[in-house]
Structures are given as C-alpha cells and as structure tokens.
Amino acid sequence: MFSKALLSLGGGAARHPWRVIAAWLIAATLAVLAAVAFGGRTADSMTAPGLDSQRAAALIERAGTGQEGMTAQVVVTPLDDGATFFDDDGARTALTRLRAEVNRLPHVLAASDPAGALDKGGDTAVRGGLVSADGRIAVVRVQYPDQSRLSGADLDALVALGDRLRAELPLRIEMGGDLFFAFSGAEGGASELIGLLAAATILFLAFGSLVAAALPIGMAVFGLTIGVATMTVLAGVTEVPTFAPVLGSMVGLGVGIDYALFVLARHREYLACGLDPQAAAARAVATAGRPVVFAGGTVVVSILGLAVANVPFMTVGGVAVSIVVLIMVLASVTLLPAFLGAAGPRLGRTGRIGRALRAGRSGRLRRRRDTPAGAAPAAGWRSWIGHVNRHPVLYAIGAAVLLLTATLPVLGLRVGLPDDGSLPNSRTERRAYDLVAEGFGPGTNGPLVIAADPSGDRGVVDRLVEAVATDPGIASIAPTQVDRATGIATFVVFPTTSPQDKATTDTIARLRTDVLPTAIGDGPARAHVGGAAASLSDVGQRTSERLPLFVAAVLAMSFLLLMLVFRSVLVPLKAVLLNLLSIGAAYGIMVAVFQWGWGGALIGLEATVPIVSFIPMFLFAILFGLSMDYEVFLLSRVREEYLRSGDNGTAIVEGVSRTARIITSAALIMVAVFLSFAVADDPSTKMFGLGLATAIFIDATVVRMVLVPATMTLLGRANWWLPQWLDRMLPRGPVDTHDTDDTDAESTGEAPRPRLVDR
C-alpha cells in the first residue's frame with residue numbers, strides 16, 4: 001500500500017510538473033514572507049531545569065540585584081604604548097566619555113565606572129577590578145536585563161558604538177561577554193555556497209550531465225529556503241539556539257541532495273530500460289522513495305530523541321533541524337519527480353562533456369552513442385566487492401582494527417564549552433578576552449556568581465565569603481550585595497583559571513560539594529553556584545549523564561526498524577554495531593584534532609579546546625540517522641538481489657556494486673558540504689562540520705565497501721534468518737523490500753517475479 005501511494009504521488013507530480021513546481025514556489029514565498037513578518041533572531045540560553053546553576057539564577061532574580069541579567073564588557077587600552085590610565089589625562093577623559101556613551105544605550109541598566117574609580121585613587125580602581133595593576137587596561141562592565149527582554153538589536157547597537165568611538169578616541173576598544181554569546185549571528189552563507197558548488201561538481205562528474213546535476217541542487221535549495229524560513233518563524237515563538245540554522249543548513253543540504261541523488265539514479269535506470277519519463281519518475285519514487293522516507297524518518301526520530309536529555313535548547317534545536325529534514329523528504333517525493341517529468345528524456349542521455357570525461361579524453365570530444373545511466377554496475381566496483389568476498393576474514397579484522405584504533409582517543413574525551421579564547425584573532429571577542437586575561441588573570445573571563453539565602457542565619461554570608469576566599473581555585477571576590485527585602489546575598493568570584501579549563505570545572509564542583517556545605521553547616525541557609533561558566537558546566541554534566549540512555553534508546557529503535565524492514569535478526573544487529581564503530585571513530589578523530597591539536601591548523605583552529613558538551617549527543621543522533629540512509633539504500637538492493645537469485649554471494653556483489661557509485665557520490669557530497677562548515681570561525685561549527693564529514697566518509701568507505709560485504713559473506717544465508725514466530729508477529733513495514741518486484745511489475749504490466757521463502 002505504501003509503495004502504491006508513492007507510485008501515485010510520484011506519477012502525479014511527473015505528469016503535472018508545473019503545477020507542483022508552482023505550489024513549491026508559492027510555499028517558499030509564503031515561508032520567506034512569514035519569516036520577515038513574524039520571525040525572530042536565534043539566541044543561546046544554556047540552561048536546564050533542576051540544575052544548581054538554575055537554582056542560583058532563581059535566587060539572583062528574587063534578589064533583584066541586577067546580576068540576573070546579561071552582561072557585556074568593553075575592554076580598552078591606550079593607543080600610545082607608553083601611556084597608562086594612571087598618568088595620561090587624555091586616556092582618562094576618553095574613558096569617561098566611553099562609559100557615558102555606553103550607559104546611554106537602550107536597555108543598559110548600569111555600566112561600571114573605571115574613570116570614577118581612578119579619581120578616587122589608582123589603588124581603588126585596581127582593587128575594584130576595573131583597571132589592571134599596571135594601569136594599561138580598563139574594563140567597562142555593562143549590565144543588561146535578562147535575555148527575554150533583549151534582542152540582536154542590542155548587540156548591534158553596542159557594536160556600532162564601538163565602531164564609531166574607535167575613530168574618535170585614542171583608545172583600542174574591544175568587546176565581549178554574554179551579549180555576544182547569546183546574539184551573535186549563526187555562521188553560514190559562504191559555507192553553504194561552497195558546499196553547493198562542491199556538490200554540483202560531484203553530481204556532474206557522477207552523471208556527466210548538467211541537467212542531472214542541477215535537479216538535486218535545485219530541490220535542495222527549495223527545501224533549505226523553506227526550512228530555514230520556518231526555523232526563523234519558530235525563533236519568533238521560542239528561543240532557537242544559534243547553532244540550529246548552521247546545523248540545519250549542513251544536514252538539510254546533505255540529506256536533500258543525497259535523497260534526490262538516489263531517486264534520480266533509479267529514474268535514469270528506468271529511462272535506460274525504455275520507460276517514458278513520467279512512468280520512470282513514478283517508479284523511481286515508488287522504489288527509491290521508500291528508503292528515502294524511511295531514512296528521513298529515522299533521522300527525524302533520532303534527532304527528536306534528544307528530548308531525553310531534558311535540556312530545552314537541545315530539544316528546540318532538534319525540532320528545528322528535524323523540520324528541515326522532513327521538508328527535504330517531502331521535496332524528494334513531490335518536487336523532484338516534478339523536475340524529472342519536466343526534464344523529459346534528456347536525463348537519460350549523457351552530455352558531450354560528460355561523455356568525454358567518462359571516456360577519459362581531455363583534448364577532443366569523440367562522437368559515440370549515449371551510454372544509458374545505470375545500465376550496468378561499474379566493473380571496478382564489482383571486482384573490488386568480489387575480492388573482499390574472497391578474503392572476508394582478513395578484511396573484516398583489518399577494518400575493525402582500524403576503526404577501533406581511531407576510536408581510542410575517545411577515552412580522553414573532555415566536554416566543556418570553548419570560550420572566547422578559542423576564537424580567531426580576527427574577532428573582537430577574542431581580542432577582548434586576551435586583554436582581560438593579560439590584565440586581570442584568565443579567570444576574570446569566566447566569573448562565578450554565588451547566591452545565598454541566609455534564612456535567618458545572620459553569620460552565614462560572612463562564613464561563605466571567608467570559605468570561598470580560601471579555596472585555592474579562587475583568585476578574588478567582589479564586594480557582597482545583599483537585598484534588604486529578601487535578605488538574599490550575592491557575590492561574584494573570579495577563578496584562577498579560564499572558563500574552558502578543567503580546573504575551573506573542578507573548582508565549581510569543589511565549591512558545591514565541600515566549601516559551601518561546610519560553611520553553611522546544619523543551618524537552614526542554602527547557597528548555589530551560578531554564572532555562565534557554571535551553567536555550561538552543568539549542561540555538560542547533564543548531557544554526559546543522559547548520553548548512555550539516549551544511545552541505548554536510538555540503538556533499540558534502529559534495530560527494531562531495520563528488523564521490520566529486512567525481516568532479519570542479524571542484518572540489523574550488524575548494522576547497529578558497524579554504525580557504532582564509524583561514529584566512535586569520528587568521536588576519536590574529533591578528540592585528536594580539537595583536544596590534542598592534531599591537524600587543527602588545517603581547519604583554522606588556533607588553540608586546543610574541549611568538545612562542546614552537547615555536540616556528542618547531537619552528532620550521535622544525526623550520524624546514526626544518516627548512516628541508516630546508506631544502510632537502507634545498500635541493503636534494500638542486496639535484499640532485492642537475494643530474493644531474485646537466492647544466492648548470498650551473488651546478492652552481495654550485485655547489490656553493493658550496483659549502489660557503490662551512488663553511495664560514494666552521495667557520501668562525497670555530504671563530506672564536501674560538511675567540510676565547508678569546518679573552516680568557520682566558531683569552534684562549535686568546526687566540530688559539527690568535521691565530526692559529520694569524518695563519520696560519513698568512514699561510513700561510506702570502510703564500513704559500506706569493506707565491513708558490510710565482508711561480514712555479510714561470513715554470515716552467509718544466516719543474514720536473512722528470522723524465526724517464523726517472530727515473522728508472524730512483525731507487521732509489514734512501509735519500506736518492506738518484499739514488495740519491490742510487485743511494485744515494479746504493477747507499473748509496467750509485467751508479471752511479478754517468483755520469490756524465495758528464506759527460512
């Protein structure tokens with residue numbers, strides 16, 4: 001029934017292409033208009049319910065001291081290398097004007113006054129943490145309300161003020177802080193364009209036709225336009241993290257072009273068999289479209305499984321990315337067949353340039369008859385798979401050892417969040433970070449806020465301050481603020497180490513488990529550690545704790561779905577284990593690059609950084625879904641060949657070799673798209689890009705072209721073993737390969753081929 005529905009859907013789109021294309025144009029236009037009218041800007045709120053940092057934030061908000069809002073910092077130093085704020089009247093006057101201008105910006109609640117502190121004496125300014133001990137660096141700390149009352153316009157106003165004052169004052173002005181972290185725009189644009197150009201080149205080389213190369217790109221652009229516009233509308237309703245558009249663009253382009261590639265390849269096969277374009281498009285959607293729907297659904301379900309982490313920004317980010325994937329699936333079974341129908345018989349021919357490339361000629365074009373696309377598998381692939389099948393033990397052990405070796409660095413995985421010190425020097429946030437670290441110490445870039453509710457214990461605040469001050473991980477403490485109405489006390493403490501340093505995480509843990517409880521004793525008071533560094537540490541710990549549960553859930557779901565699809569026990573078990581190997585190897589390579597610095601310069605990484613706390617879980621969700629794409633596409637073809645021939649070895653050679661070129665092309669496209677994002681400035685974007693590209697490359701080469709044929713050869717007919725009692729219990733899945741031949745026969749009027757009973 002599902003195949004018939006896809007057959008009807010694809011056939012209708014191919015017969016009425018311009019109606020379908022017009023509908024998608026209208027949908028894209030409406031989506032863009034809705035984004036302009038109702039859309040919002042992405043923002044990062046790295047919090048989650050039930051965390052100690054969240055309890056601290058609640059106390060700070062009750063206290064009303066202003067520390068519950070967002071902050072920015074303007075870091076300045078005189079342009080004259082010999083001047084200091086202690087003795088240069090011009091520099092001090094410029095500092096006074098800068099602070100006044102900042103204080104007049106919209107939504108600014110307060111701005112620290114280093115010039116006023118200097119008027120009271122240099123020692124006062126230094127003790128207040130506003131001017132460095134040598135007088136060369138000053139900091140204006142800007143207090144904003146909470147994030148819900150702000151927008152990207154506040155960041156734009158601050159940046160614009162800095163640009164204007166740099167030309168008017170004798171100061172070097174750099175900026176950073178929470179405001180930049182929350183509202184800096186997501187990177188993309190150039191990376192997406194590079195990815196599209198790389199994908200177009202690979203498609204042209206694969207098909208030898210400009211028309212065939214253009215259709216998947218066109219479909220992906222349509223889908224990405226609607227998907228990103230929808231994400232923008234969603235950002236107007238709830239907080240969508242800044243990484244969501246970047247990740248959505250990466251995954252959307254990758255899966256969109258891949259899905260189109262698989263349907264297009266099957267369409268060209270049917271054209272080569274003599275079918276008219278409309279019938280070929282309908283049949284391609286009915287056959288290749290089924291694994292597209294299944295694979296896309298698997299990606300969506302895997303990503304939505306991120307909700308088990310109970311971290312709101314991850315859940316919303318997963319929903320946003322899932323929307324893009326769903327749109328790409330819908331485009332693959334409606335818009336693409338419309339393109340195929342409109343293109344007509346031209347897709348069955350290879351252009352002159354393509355013929356020259358395939359012939360290996362580079363100086364002149366030869367006249368020859370067009371070679372039907374997909375008429376026979378490449379002899380090279382068939383030879384390679386046959387070679388692997390003749391030496392399955394050697395290749396299975398060798399590939400497994402290779403992947404396990406690549407996985408070993410995972411043992412040293414350290415999660416955290418790269419701070420501004422990991423950004424390139426071209427960013428003002430990095431330059432501000434370096435100035436603050438130079439003048440005040442690295443911990444000043446990641447202050448902690450301790451909030452205490454005395455609950456009648458009058459001496460507890462003094463005991464807390466004294467205990468925290470003696471901790472070896474604390475460099476200094478700002479004056480305590482006490483709210484008279486609630487009695488809640490808050491004080492800012494500066495660690496001795498940078499926000500991304502593991503020692504800072506250890507200090508936070510020590511304060512919570514030892515220092516604060518000891519100071520409070522058995523009394524009714526309570527105290528919590530908050531601040532950006534503490535929040536990020538807490539989110540990282542929660543995702544690490546929930547990762548095993550999430551992995552187990554995704555593995556179980558994938559096993560059941562593949563068992564439903566392939567009516568086998570060992571095939572899905574093997575798929576789950578091999579996918580784990582490829583993802584583990586990708587994790588290991590990420591650790592080697594980002595934590596150990598191996599080859600980091602190749603992607604513009606200027607310093608080693610921890611792995612962003614939420615990325616391992618996100619990558620697992622996406623990669624497991626994407627790896628299922630190749631698993632379904634490859635094994636669907638192997639299953640078809642097995643049902644036709646009844647010989648396991650023949651089915652492996654024919655099935656893998658017939659899909660090898662398409663899977664390799666699809667993987668190259670994904671790798672090109674993902675790597676184009678790996679050179680972005682933001683380390684998080686680099687991790688997403690490199691992690692996805694590495695895993696897809698390993699999956700499409702070592703796993704699909706070595707481990708899969710080797711292990712399937714070793715298992716023999718046991719690949720397709722399924723107990724009869726379990727077969728009777730399992731429903732027929734929407735992508736069940738048992739009905740492949742019937743669908744083909746119905747669309748051509750041929751009698752269905754006989755099937756094998758594989759018990």
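Ser53 is found in helix 3, which spans residues 52-63. Helices here are DSSP runs of H or I with at least four residues, strands are runs of E with at least two, and both are numbered from the N terminus. The model is a predicted one, in which local features need pLDDT of at least 70 and side-chain atom pairs count only at pLDDT 80 or more, while totals for chains, interfaces and linings use all residues. Residues are numbered from 1 along each chain as its sequence is written, and side-chain values use heavy atoms, with hydrogens and water left out.

Ser53 has 5% relative accessibility and therefore counts as buried. Buried means under 20% relative accessible area, exposed means over 50%, and partly exposed lies in between, with a 1.4 Å probe and protein chains only. Leaving aside neighbours within four places in sequence, Ser53 is in contact with Arg512, Val529, Gly530, Ala534, Ser535 and Asp538. Contact means heavy atoms within 4.5 Å.

Strand 10 covers residues 526-530, and four of its five residues are buried. Strand 6 (residues 448-453) runs antiparallel to strand 10, and five bridges join the two. Two strands are said to pair if DSSP finds at least two bridges between them. Val449 has Gly530 of strand 10 as its bridge partner.

Elsewhere, four strands form an open sheet with antiparallel pairing, in the order 2-3-1-4. Strand 2 (110-111) and strand 4 stand at the edges with a single partner strand each, so one side of each has no neighbour in the sheet. Strand 1, residues 71-78, is mostly covered, with seven of its eight residues buried. Six bridges pair strand 1 with strand 3 (residues 138-143) in the antiparallel sense, and in this pairing Gln73 stands opposite Arg141. Strand 1 also pairs with strand 4 (residues 171-176), again antiparallel and over six bridges, and here Val74 stands opposite Met175. In a regular strand, side chains alternate between the two faces of the sheet.

Two helices lie across strands of this sheet. Helix 7 (residues 152-166) lies across strand 1 and strand 4, and runs at about 170° to strand 4. Helix 19 (residues 428-440) lies across strand 1, strand 3 and strand 4, at about 105° to strand 4. For these angles, axes are lines fitted to C-alpha atoms, for helices over the stretch in contact, and angles run from 0 to 180 degrees between N-to-C directions.

Helices also pack against each other. Helix 22 (residues 532-566) and helix 23 (residues 570-595) pack at an angle of about 140°, with their axes 8 Å apart. The two are therefore oblique to each other; angles under 35 degrees count as roughly parallel, over 145 as roughly antiparallel, 65 to 115 as roughly perpendicular and the rest as oblique. The contact involves Leu555, Phe559, Leu562, Met563 and Phe566 of helix 22, and Val571, Pro572, Leu573, Ala575, Val576 and Leu580 of helix 23.

A second pair is helix 1 (residues 2-15) and helix 15 (residues 335-343), whose axes come within 7 Å and cross at roughly 45°. That angle makes helix 1 oblique to helix 15. Gly10, Ala13 and Ala14 of helix 1 meet Pro337, Ala338 and Gly341 of helix 15.

Ile611 lies in strand 11, residues 611-612. With 1% relative accessibility, Ile611 counts as buried. Beyond neighbours within four places in sequence, Ile611 is in contact with Leu413, Arg414, Val415, Gly416, Met590, Val591, Phe594, Gln595, Pro616 and Met687. The C-alpha atoms of Ile611 and Gly540 are separated by 9.8 Å, although the two residues are 71 residues apart along the chain.

In soluble globular proteins, nonpolar side chains tend to be buried together.

Taken as a whole, the protein has 28 helices and 11 strands. Buried residues make up 57% of its 759 residues. Among contacts between residues at least 6 apart in sequence, 80% join residues at least 24 apart.
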